[in-house]
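I opened the model to look up a few things and kept notes as I went.

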Amino acid sequence: MRSDRPANRPLVTISLLMSLLMGLLLPWLLAPNAAMTLNAYDLAEWASLHPAQRGTNPPLVVPLLLRAQLVILCALAGVAAQCTLEKRATALVIVALAVAQLPPIEFVYDIGNLNYRQQFGLALASLILGMAALRWINRRWQPLFVAVFGLVGALTTLAGATLALDVFASLASGGSAGLGVWIAIASYICLFVSGFRALVAAALPKI
């Protein structure tokens, strides 16, 4: 007889989301002389200052990949919330994360600034995507979206960190990925596996 344990899944997902947030806050770049360590968002801001990033397609592609992790985190948080209390708490978290991504007040006087526009666009995307997931994704589709966002997060983290290290290496004598990158990737992979297993379990006939 196959037993379902849905009560365990929210706790696992929340734990993985906390692990992901910790990964985003911990260093993603370790300089050889240990004089500079940057987490995901700081690394995105640093990469945005590189002149070559203005000419990429899309513009500022490295900061985009790195900053997108907070968008994905908001979406995953919205997907994971189930009961009314969780949804209310998650809504506050999503709003806080979106506000934290807003560009400085100088954006009002420099709307043409690509870096500020990207920050504003991603903050808005975090709010809209997180709230949409919170409002419209029902429990039946949660495993699918957890798996999809987990996979997208792992791929964009790997791509963004790799490109950011290349940018740093072009200006300095090397550098290495910090612990935060690996924690973030591991968290995303675990989220993908968790969602995929739930999908498989739901598809199998109950005996």
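The notes below cover the ground rules, a salt bridge, a pocket, a sheet and a helix.

**Ground rules.** I am working from a predicted model, where local features need pLDDT of at least 70, side-chain atom pairs count only at pLDDT 80 or more, and totals for chains, interfaces and linings use all residues. I number residues from 1 along each chain as its sequence is written, and side-chain values use heavy atoms, with hydrogens and water left out.

**Salt bridge.** I looked for a side-chain nitrogen of Lys or Arg within 4 Å of a carboxyl oxygen of Asp or Glu. By this rule I count one salt bridge. R67 pairs with E45, and their closest N and O atoms are 2.8 Å apart. R67 sits in helix α3 (residues 61–80) and E45 in helix α2 (residues 40–48), so the pair ties together parts that are 22 residues apart in sequence. I took helices (H or I, at least four residues) and strands (E, at least two) as DSSP runs, numbered from the N terminus.

I then checked exposure, with buried meaning under 20% relative accessible area, exposed over 50%, and partly exposed in between (1.4 Å probe, protein chains only). R67 is buried at 0%, while E45 is partly exposed at 30%.

**Second largest pocket.** I noted that 13 residues line this pocket, and that I14, L17, A77, T90 and V93 lie nearest its centre. Elements giving two or more residues to the lining are α1 (8–25), α3 and α4 (84–100). α4 gives the most, with five residues. A pocket here is an open set of points on a 1 Å grid over the protein atoms alone, where a 1.4 Å probe fits, with protein on both sides within 12 Å along at least five of seven lines; lining residues have an atom within 4 Å of a point.

**Sheet.** I found three strands in an open antiparallel sheet, in the order β2-β1-β3. β2 (37–38) and β3 (176–177) are the edge strands, each with a single partner, so one side of each has no neighbour in the sheet. Strands pair if DSSP finds at least two bridges between them. β1 (residues 29–30) and β2 pair over two bridges, and L29 has L38 of β2 as its bridge partner.

**Helix α7.** I read 25 residues (179–203) and a reach of 36 Å from first C-alpha to last, close to the 36 Å expected at 1.5 Å a residue. The expected span is 1.5 Å times one less than the number of residues. Buried residues in α7 include G180, I183, S187, Y188, L191 and G195.
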